[in-house]
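The stops below can be selected one after another.

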Amino acid sequence: MSKKIYFTRHGETFWNVANKICGATDIGLTDYGHEQAEELGRMIKEKLDSGEISIDMIIASPLSRAYDTAKHIADMTGLPLITDERLREQNFGKYEGTARNGEVFRLDKRNFVQSYDGGESMLRLAQRIYNLLDELSKDDKIYLLVAHNGIVRCVNSYFYDMTNEEYGNYGISNCELKEYEFC
């Protein structure tokens, strides 16, 4: 039997509403973002109670939008919660706070060695996320990771081959729950 891991993105933030890139900037959840996290917590609790899924621990990014989302889920489910610095969102340097759908940013996301003038390259991000996933794959626990859209892009690339364009365009909705399976 192969081991599973779950991933969710934080609830809606003030900069999500404003269509801005959050990146490593610590932006809080909106009231709706808190509601999304509570609803996700209820849904996960139902799935845990019914035996549909099994989760032993929540690991969250230390940024408040992800941590607060994880805290709501932990409060609803009773699951233990820790943070891991490796789940912090990618630092997008000069693009932090700019439009998420900017054409230059969209194209720059395909350049995996670029650090965005003071940010973090995709390759460095992949190193820390792949190292974390390698580590988590080695024990018998099932984890829920609570982090960011840039992190799920990298997590998805760990499990599935993706072109640079697919990688740059990949993302999930706020509080969407994804399941991955280690081979």
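A nonpolar core here is a set of buried Ala, Val, Leu, Ile, Met, Phe, Trp, Tyr and Cys residues joined through side-chain atoms within 4.5 Å. The model on screen is predicted.

**Stop 1: the largest core.** Select Ile 5, Phe 7 and Leu 145. Of the 30 residues in the largest nonpolar core, these three touch the most other members. Next, colour β1 (4-9), β2, α5, β4 and α6 (149-159), the elements that each give two or more residues to this core. Which of them gives the most? The answer is α5, with 7 residues. In soluble globular proteins, nonpolar side chains tend to be buried together.

**Stop 2: Leu 145.** Keep Leu 145 selected and show its contacts, leaving aside neighbours within four places in sequence. Ile 5, Tyr 6, Phe 7 and Thr 8 are in contact with Leu 145, and so are Ile 59, Leu 87, Leu 133 and Leu 136.

**Stop 3: strand β2.** Select residues 57-60, which form strand β2.

Strand β4 (residues 143-147) pairs with β2 in the parallel sense over 4 bridges. Strand β3 (residues 81-83) also runs parallel to β2, joined to it by 3 bridges.

**Stop 4: two positive phi values.** Select Asn 19, in the loop between α1 (14-17) and α2 (31-50). Its phi is near 60°, a positive value in a residue other than glycine. Asn 19 counts as partly exposed because its relative accessible area is 30%, between the limits of 20% and 50%.

Then move to Asp 117, in the loop between α4 (103-108) and α5 (122-136). Asp 117 is not a glycine either, yet has a positive phi of about 50°. Is Asp 117 buried or exposed? Its relative accessible area is 61%, so Asp 117 is exposed, the cut-off being over 50%.

Definitions and conventions
Residues numbered from 1 in each chain as written. Predicted model: local features only at pLDDT ≥ 70, side-chain atom pairs only at ≥ 80, totals over all residues. Heavy atoms only, no water. Buried < 20%, exposed > 50% of the residue type's maximum accessible area, 1.4 Å probe, protein only. Pairing = 2+ DSSP bridges. Contact = heavy atoms within 4.5 Å.
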